[in-house]
Amino acid sequence: MTTEDIIDRLRELQDVLCRKIALEREIIEIPKSLSSQEELVLRLKQNYIARNEEYVECRQRESEFRNMLLQAESEREKAEKKMDSIETQREYEALDKEIKDAANKEHNYRRDLQLAEQKVAALKTDMDANKELVDQQAAELAERKISIEEELSERNNQLSEIINEEKKLTANLDPELIFKFERIIRKKGGRGIVAVRGGVCNSCHMILPVQFANAVRLGSGVLSCPYCSSILYYEEIAEGEEDFFNEELAGSLVDLDNIEDDEFEEDEEFEEFEEKLSAEAEE
Ligand SMILES: [Zn+2]
(Lines give C-alpha, C1' and ligand atoms only; values in the text may rest on other atoms or scores of the structure.)
Protein backbone atom coordinates (compact mmCIF):
# COMPACT_ATOMS: atom_id res chain seq x y z
CA MET A 1 0.00 0.00 0.00
CA THR A 2 1.29 3.46 -0.84
CA THR A 3 1.29 6.20 1.78
CA GLU A 4 -1.56 7.81 -0.14
CA ASP A 5 -3.60 4.60 0.05
CA ILE A 6 -2.96 4.33 3.78
CA ILE A 7 -3.95 7.97 4.32
CA ASP A 8 -7.16 7.49 2.33
CA ARG A 9 -7.93 4.35 4.29
CA LEU A 10 -7.28 6.11 7.62
CA ARG A 11 -9.58 8.99 6.68
CA GLU A 12 -12.34 6.53 5.95
CA LEU A 13 -11.54 4.59 9.10
CA GLN A 14 -11.71 7.78 11.16
CA ASP A 15 -15.38 8.26 10.24
CA VAL A 16 -16.14 4.67 11.16
CA LEU A 17 -14.24 4.87 14.45
CA CYS A 18 -15.97 8.11 15.41
CA ARG A 19 -19.35 6.49 14.83
CA LYS A 20 -18.24 3.45 16.82
CA ILE A 21 -17.03 5.56 19.76
CA ALA A 22 -20.24 7.59 19.79
CA LEU A 23 -22.29 4.39 19.79
CA GLU A 24 -20.24 2.84 22.57
CA ARG A 25 -20.85 5.96 24.65
CA GLU A 26 -24.57 5.83 24.00
CA ILE A 27 -24.66 2.18 25.02
CA ILE A 28 -23.10 3.15 28.34
CA GLU A 29 -25.19 6.30 28.83
CA ILE A 30 -28.65 5.04 27.86
CA PRO A 31 -29.23 2.80 30.91
CA LYS A 32 -28.05 5.60 33.21
CA SER A 33 -31.18 7.58 32.42
CA LEU A 34 -33.09 4.90 34.34
CA SER A 35 -31.23 5.32 37.59
CA SER A 36 -33.00 8.48 38.73
CA GLN A 37 -36.39 6.87 38.14
CA GLU A 38 -35.26 3.69 39.89
CA GLU A 39 -34.18 5.79 42.87
CA LEU A 40 -37.52 7.56 42.92
CA VAL A 41 -39.47 4.29 42.94
CA LEU A 42 -37.25 2.94 45.70
CA ARG A 43 -37.73 6.07 47.78
CA LEU A 44 -41.50 5.95 47.31
CA LYS A 45 -41.55 2.30 48.36
CA GLN A 46 -39.48 3.00 51.46
CA ASN A 47 -41.75 5.90 52.29
CA TYR A 48 -44.77 3.64 51.89
CA ILE A 49 -43.29 0.99 54.17
CA ALA A 50 -42.48 3.58 56.85
CA ARG A 51 -46.01 5.02 56.61
CA ASN A 52 -47.46 1.55 56.85
CA GLU A 53 -45.56 0.84 60.06
CA GLU A 54 -46.82 4.09 61.51
CA TYR A 55 -50.34 3.18 60.42
CA VAL A 56 -50.21 -0.23 62.11
CA GLU A 57 -48.97 1.35 65.34
CA CYS A 58 -51.64 4.00 65.19
CA ARG A 59 -54.40 1.40 64.69
CA GLN A 60 -53.04 -0.46 67.67
CA ARG A 61 -53.23 2.67 69.83
CA GLU A 62 -56.70 3.42 68.52
CA SER A 63 -57.98 0.03 69.64
CA GLU A 64 -56.32 0.38 73.06
CA PHE A 65 -58.02 3.73 73.62
CA ARG A 66 -61.35 2.23 72.52
CA ASN A 67 -61.00 -0.60 75.07
CA MET A 68 -60.02 1.77 77.85
CA LEU A 69 -62.93 4.04 76.98
CA LEU A 70 -65.36 1.11 77.16
CA GLN A 71 -63.92 0.12 80.50
CA ALA A 72 -64.22 3.66 81.88
CA GLU A 73 -67.82 3.85 80.61
CA SER A 74 -68.81 0.63 82.27
CA GLU A 75 -67.11 1.68 85.53
CA ARG A 76 -69.10 4.90 85.50
CA GLU A 77 -72.36 3.10 84.70
CA LYS A 78 -71.76 0.60 87.46
CA ALA A 79 -71.09 3.40 89.96
CA GLU A 80 -74.19 5.25 88.79
CA LYS A 81 -76.32 2.17 89.39
CA LYS A 82 -74.94 1.88 92.91
CA MET A 83 -76.23 5.43 93.55
CA ASP A 84 -79.80 4.00 93.92
CA SER A 85 -78.85 1.88 96.90
CA ILE A 86 -76.59 4.15 98.98
CA GLU A 87 -77.58 5.01 102.49
CA THR A 88 -75.02 7.36 104.02
CA GLN A 89 -73.48 10.69 103.12
CA ARG A 90 -70.01 9.13 103.24
CA GLU A 91 -71.03 6.41 100.82
CA TYR A 92 -72.51 9.07 98.59
CA GLU A 93 -69.35 11.14 98.59
CA ALA A 94 -67.14 8.13 97.86
CA LEU A 95 -69.37 7.02 95.01
CA ASP A 96 -69.72 10.51 93.65
CA LYS A 97 -65.92 10.74 93.49
CA GLU A 98 -65.78 7.37 91.77
CA ILE A 99 -68.28 8.52 89.15
CA LYS A 100 -66.47 11.79 88.56
CA ASP A 101 -63.12 10.02 88.22
CA ALA A 102 -64.56 7.51 85.76
CA ALA A 103 -66.24 10.30 83.79
CA ASN A 104 -62.97 12.17 83.73
CA LYS A 105 -61.11 9.12 82.43
CA GLU A 106 -63.87 8.54 79.92
CA HIS A 107 -63.55 12.10 78.70
CA ASN A 108 -59.76 11.80 78.30
CA TYR A 109 -59.94 8.43 76.53
CA ARG A 110 -62.64 9.70 74.21
CA ARG A 111 -60.41 12.64 73.23
CA ASP A 112 -57.39 10.34 72.75
CA LEU A 113 -59.49 7.97 70.70
CA GLN A 114 -60.72 10.78 68.48
CA LEU A 115 -57.17 12.01 67.87
CA ALA A 116 -56.05 8.47 67.08
CA GLU A 117 -58.98 7.97 64.70
CA GLN A 118 -58.17 11.21 62.90
CA LYS A 119 -54.54 10.19 62.58
CA VAL A 120 -55.48 6.73 61.28
CA ALA A 121 -57.77 8.29 58.67
CA ALA A 122 -55.10 10.79 57.59
CA LEU A 123 -52.47 8.07 57.32
CA LYS A 124 -54.83 5.89 55.34
CA THR A 125 -55.49 8.67 52.81
CA ASP A 126 -51.79 9.37 52.60
CA MET A 127 -50.95 5.73 52.11
CA ASP A 128 -53.55 5.24 49.41
CA ALA A 129 -52.14 8.19 47.48
CA ASN A 130 -48.65 6.87 48.07
CA LYS A 131 -49.57 3.42 46.88
CA GLU A 132 -51.06 4.82 43.72
CA LEU A 133 -47.90 6.81 43.05
CA VAL A 134 -45.65 3.80 43.68
CA ASP A 135 -47.71 1.63 41.32
CA GLN A 136 -47.78 4.31 38.65
CA GLN A 137 -44.05 5.02 38.84
CA ALA A 138 -43.19 1.33 38.95
CA ALA A 139 -45.31 0.71 35.85
CA GLU A 140 -43.66 3.61 34.03
CA LEU A 141 -40.25 2.32 35.04
CA ALA A 142 -41.04 -1.15 33.75
CA GLU A 143 -42.19 0.34 30.46
CA ARG A 144 -39.08 2.46 30.11
CA LYS A 145 -36.91 -0.53 30.89
CA ILE A 146 -38.45 -2.39 27.99
CA SER A 147 -37.97 0.51 25.59
CA ILE A 148 -34.38 0.93 26.77
CA GLU A 149 -33.71 -2.75 26.20
CA GLU A 150 -35.02 -2.34 22.67
CA GLU A 151 -32.94 0.76 22.11
CA LEU A 152 -29.84 -0.98 23.43
CA SER A 153 -30.29 -4.01 21.25
CA GLU A 154 -30.71 -1.73 18.23
CA ARG A 155 -27.52 0.15 19.15
CA ASN A 156 -25.67 -3.12 19.64
CA ASN A 157 -26.72 -4.26 16.18
CA GLN A 158 -25.48 -0.99 14.73
CA LEU A 159 -22.25 -1.44 16.65
CA SER A 160 -21.59 -4.89 15.24
CA GLU A 161 -22.22 -3.55 11.73
CA ILE A 162 -19.72 -0.78 12.34
CA ILE A 163 -17.19 -3.23 13.74
CA ASN A 164 -17.53 -5.25 10.54
CA GLU A 165 -16.91 -2.11 8.50
CA GLU A 166 -13.93 -1.36 10.69
CA LYS A 167 -12.51 -4.86 10.14
CA LYS A 168 -12.75 -4.45 6.38
CA LEU A 169 -10.95 -1.11 6.52
CA THR A 170 -8.20 -2.24 8.85
CA ALA A 171 -7.31 -5.35 6.89
CA ASN A 172 -3.77 -4.97 5.50
CA LEU A 173 -3.03 -2.06 7.83
CA ASP A 174 -0.32 -2.21 10.48
CA PRO A 175 -2.08 -3.21 13.75
CA GLU A 176 0.21 -0.96 15.76
CA LEU A 177 -0.70 2.01 13.57
CA ILE A 178 -4.39 1.23 14.00
CA PHE A 179 -4.01 0.91 17.75
CA LYS A 180 -2.28 4.30 17.99
CA PHE A 181 -4.75 5.85 15.58
CA GLU A 182 -7.79 4.76 17.57
CA ARG A 183 -6.19 5.98 20.77
CA ILE A 184 -5.55 9.45 19.29
CA ILE A 185 -9.11 9.61 18.00
CA ARG A 186 -10.46 8.79 21.47
CA LYS A 187 -8.12 11.26 23.14
CA LYS A 188 -8.50 14.11 20.66
CA GLY A 189 -12.26 14.03 20.20
CA GLY A 190 -12.24 12.40 16.77
CA ARG A 191 -9.17 14.08 15.26
CA GLY A 192 -6.93 11.14 14.45
CA ILE A 193 -5.99 12.24 10.98
CA VAL A 194 -6.01 15.88 9.97
CA ALA A 195 -4.86 18.05 7.11
CA VAL A 196 -1.76 20.16 7.06
CA ARG A 197 -2.68 23.44 5.42
CA GLY A 198 -0.19 26.22 4.91
CA GLY A 199 2.28 24.33 7.10
CA VAL A 200 -0.13 24.27 10.05
CA CYS A 201 -1.57 21.18 11.75
CA ASN A 202 -5.33 21.42 11.52
CA SER A 203 -5.87 19.75 14.88
CA CYS A 204 -3.60 21.68 17.23
CA HIS A 205 -3.00 24.66 14.89
CA MET A 206 0.73 24.60 15.49
CA ILE A 207 3.16 25.52 12.74
CA LEU A 208 5.11 22.49 11.65
CA PRO A 209 8.82 22.70 10.87
CA VAL A 210 9.19 23.41 7.16
CA GLN A 211 11.08 20.21 6.29
CA PHE A 212 8.56 18.16 8.22
CA ALA A 213 5.59 19.80 6.44
CA ASN A 214 7.40 19.12 3.18
CA ALA A 215 7.82 15.48 4.06
CA VAL A 216 4.07 15.29 4.69
CA ARG A 217 3.45 16.93 1.33
CA LEU A 218 5.71 14.48 -0.45
CA GLY A 219 3.98 11.56 1.26
CA SER A 220 7.20 10.21 2.80
CA GLY A 221 5.53 7.73 5.12
CA VAL A 222 2.68 8.05 7.58
CA LEU A 223 3.73 10.98 9.76
CA SER A 224 2.24 12.28 13.02
CA CYS A 225 2.09 15.84 14.27
CA PRO A 226 4.93 16.30 16.77
CA TYR A 227 2.68 18.43 18.98
CA CYS A 228 -0.65 16.59 19.09
CA SER A 229 0.21 13.16 17.58
CA SER A 230 -2.53 13.40 14.93
CA ILE A 231 -1.63 11.69 11.68
CA LEU A 232 -1.14 14.25 8.95
CA TYR A 233 -1.92 14.51 5.27
CA TYR A 234 -1.21 17.42 3.00
CA GLU A 235 -3.91 19.66 1.63
CA GLU A 236 -3.14 22.46 -0.84
CA ILE A 237 -4.58 25.80 0.18
CA ALA A 238 -6.75 27.51 -2.36
CA GLU A 239 -5.86 30.98 -3.60
CA GLY A 240 -7.04 33.76 -1.35
CA GLU A 241 -6.75 31.57 1.70
CA GLU A 242 -3.08 32.36 2.08
CA ASP A 243 -3.55 35.61 3.99
CA PHE A 244 -5.68 33.89 6.53
CA PHE A 245 -3.01 31.29 7.10
CA ASN A 246 -0.33 33.90 7.46
CA GLU A 247 -2.32 35.43 10.27
CA GLU A 248 -2.78 32.03 11.82
CA LEU A 249 0.96 31.47 11.62
CA ALA A 250 1.65 34.66 13.48
CA GLY A 251 -0.72 33.56 16.22
CA SER A 252 0.70 30.09 16.41
CA LEU A 253 4.24 31.33 16.89
CA VAL A 254 3.20 32.56 20.30
CA ASP A 255 1.67 29.18 21.07
CA LEU A 256 4.99 27.48 20.43
CA ASP A 257 6.27 28.77 23.75
CA ASN A 258 3.32 27.40 25.64
CA ILE A 259 3.40 23.82 24.53
CA GLU A 260 3.32 21.48 27.44
CA ASP A 261 6.03 18.89 27.62
CA ASP A 262 3.65 15.95 27.59
CA GLU A 263 2.47 16.97 24.13
CA PHE A 264 5.84 15.76 22.91
CA GLU A 265 5.53 12.33 24.46
CA GLU A 266 5.59 9.23 22.31
CA ASP A 267 6.75 11.09 19.29
CA GLU A 268 9.48 8.78 18.22
CA GLU A 269 8.55 9.21 14.59
CA PHE A 270 9.19 12.92 14.74
CA GLU A 271 12.44 12.46 16.61
CA GLU A 272 13.58 9.90 14.10
CA PHE A 273 12.69 12.31 11.35
CA GLU A 274 14.67 15.13 12.95
CA GLU A 275 17.65 12.86 13.45
CA LYS A 276 17.50 11.90 9.82
CA LEU A 277 17.38 15.57 8.81
CA SER A 278 20.37 16.53 10.89
CA ALA A 279 22.30 13.50 9.67
CA GLU A 280 21.58 14.56 6.11
CA ALA A 281 22.69 18.10 6.90
CA GLU A 282 26.00 16.83 8.28
CA GLU A 283 26.80 14.82 5.19
ZN1 LIG B 1 -1.00 18.86 15.66
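Residues are numbered from 1 along each chain as its sequence is written, and side-chain values use heavy atoms, with hydrogens and water left out. As the model is predicted, local features need a pLDDT of at least 70 and side-chain atom pairs count only at pLDDT 80 or more, whereas totals for chains, interfaces and linings use all residues. The average pLDDT, which is the predictor's confidence in each residue on a scale from 0 to 100, is 87 for the protein, and 84% of the residues score at least 70. Over residues 247-266 the pLDDT falls below 50, although this stretch has 23 contacts in the model beyond near neighbours in sequence, a contact being defined by heavy atoms within 4.5 Å.

The zinc ion is coordinated at 2.3 Å by the SG atoms of C201, C204, C225 and C228, where donors are N, O and S atoms within 2.8 Å of the metal (3.2 Å for Na, K and Ca), and water is not among the atoms, so sites may look incomplete. Along the chain these donors follow the spacing C-x2-C-x20-C-x2-C. C204 is partly exposed, with a relative accessible area of 23%, whereas C225 is buried at 0% (buried means under 20% relative accessible area, exposed over 50%, partly exposed in between, with a 1.4 Å probe and protein chains only).

The largest nonpolar core has 28 residues, of which L10, F181, I193 and I231 touch the most other members; such a core is a set of buried Ala, Val, Leu, Ile, Met, Phe, Trp, Tyr and Cys residues joined through side-chain atoms within 4.5 Å. Two or more residues each come from α1 (3-29), α2 (32-82), α3 (89-170), α4 (175-187), β1 (193-197) and β3, with α1 giving the largest share, nine residues.

Within helix α3 lies V134, which is buried at a relative accessible area of 8%. Leaving aside neighbours within four places in sequence, V134 is in contact with L44 and K45.

How values were computed. Helix = DSSP H or I, 4+ residues; strand = E, 2+ residues; numbered from the N terminus.
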